[in-house]
Amino acid sequence: MDLDNRLKDRLVGYLRAELPKVRMNKVVQAIDYSDVFALDKGFSALLQKANKEVREQVEYYVGERPLVALVLGEFSREIEQMLPQDVSGRATLCDIPQYSNVEALANRIVEMLAALPRKYVVALELPVSWAKVLYTREIPPILGRQLAVVGSWHDASKEFPIPGIERSATSIFNNIFAKSTWSAPSEARGPDSPRCFLYVRLEGLVDSVFSPQPTHRFTNLVKAFFGLAMGIDLLLPTISLGAGALRYDVYEEREGAFGKVEDGLLDDGTRALASKLRINHAESKNISADFQKVIQILDADPELPQLALGGRWYFDSFANSDEVMGFMQLAICAETLLGTDDGADGVTGILASRCGYLIATSAKERDDLVSEFRSIYKVRSKIVHRGLGALKESERQQLRRLRVICSRILQKEVDLAIADLPDPEKWKDLHQTIDKFAAAIKGLPLLPSFESGSSTGS
């Protein structure tokens, strides 16, 4: 991130004066949160004087509380790994020997900000049923700029981290990352037990507590991926229980390698639905082409933000166990895709007309859809204006019809969007953007986890 020298000097000067005031909580031997939040106010105020591009980058990478993310997110982990005698009884952060050089500490924090964004790859293991279909149907890896679908049996898997398979670390980095392990040795990539992963590239600072923006972007992309795939009938929800939890592992690219920095599970509703999704492998389906469609759409964001958002809301409507809220999420999906100005007069009529003209295959069906859409939106009005608590059977039927309508809208919008994208045979830049994901990580070895953080300034 390009911080000019004047801004850096102001930030360092502020931190040099204020860091000695940050206390330690002696009970839990941790940084006092309230002091860091207070420190962040002045720090953020200085950043607001930066140019618009820097302000937007800071918010995108670490959120509205950058100092909280940098200090609490980074230093708290460092303090946890320090020797007890270095921390015990210290009244302030700068009383700790590693942080006693206030000038060096202030410069380190500013340089951490300037060094953003950090680059990550998140590996989300997909249901076993997916791996079996992709393997038996010999579906090639699907590579995009932001996302990729890769099986453990693919040659391309050598370019990606595969979570859950570990061996002892033997590199020179052992001295720095003493507790770390290697991940995904090449000998564990065979087809005997095929595994399949959705890989997502992120930028910023990953810290699920203090810098949630990259994690939120990951979650939204995953939901959009599932939702769009459901909308075009590539994925079908089943009533059977899914196999395995959808765990994700976050790897940071640093010093020419990938190291694991975090892991977690998708939220309960997302995981419950995603684990039940099955690939529609009817003979008429072109699985590879359909996956590529979805990834192309998401790669085209922000040029197509409404389509990605529509996919996300469509997925959420299925994942939500509350029928009333699921109905509202479908209504949001429809409004996102059909688009109207907030508060526009006759909004229902506009949406109904756009829906009818978009997906109808005949004049009669168009008129029927307009009428049906108006009827469906009466249920939405009940929910919004009367606080409807539960759906009657007739309203559940409206819910089911709205799902069908949203699916048809998604299918049509995806087809239109793909038609607008340049022909990859005629536009070389498209090849370059599609290949960026693989090229950026091709051949990178897997190094130990970056759990210890960087060395402290002292």
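Predicted model: local features only at pLDDT ≥ 70, side-chain atom pairs only at ≥ 80, totals over all residues.

Reader: Let's take strand β4 and β5: in which sense do they pair, and over how many bridges?

Author: Strand β4, residues 142-143, pairs with β5 in the antiparallel sense, and the pairing runs over two bridges. To pick out one of these contacts, find Leu143: its bridge partner in β5 is Ala148. Getting from β4 to β5 takes a hairpin, which joins them through three residues.

Now follow β5 itself, which covers residues 147-151. β5 also pairs with strand β8, residues 196-204, again in the antiparallel sense, this time over five bridges. Here you can look for Val150, whose bridge partner in β8 is Phe197.

Next, check where the side chains go. In a regular strand they alternate between the two faces of the sheet. In β5, Leu147, Val149 and Gly151 point one way, while Ala148 and Val150 point the other way. So what about burial on each side? The residues pointing either way from β5 are all buried. To count as buried, a residue needs under 20% relative accessible area. Five of the five residues of β5 pass that test, so the strand is largely enclosed by the rest of the structure.

Asp4 has 41% relative accessibility, so it counts as partly exposed. Together with Asp2, Asp9 and Glu53, Asp4 makes up a patch of negative charge on the surface.

Terms used: Residues numbered from 1 in each chain as written. Heavy atoms only, no water. Buried < 20%, exposed > 50% of the residue type's maximum accessible area, 1.4 Å probe, protein only. Helix = DSSP H or I, 4+ residues; strand = E, 2+ residues; numbered from the N terminus. Pairing = 2+ DSSP bridges. Patch = residues over 30% accessible without salt bridge, like charges linked within 9 Å, V, L, I, M, F, W, Y side chains within 5 Å. Areas by Shrake-Rupley, 256 points an atom, 1.4 Å probe, with all protein chains shown as cover. Salt bridge = Lys/Arg side-chain N within 4 Å of Asp/Glu carboxyl O. Lys, Arg positive; Asp, Glu negative; His and termini not counted. Charge placed at Lys NZ, Arg CZ, Asp CG, Glu CD.
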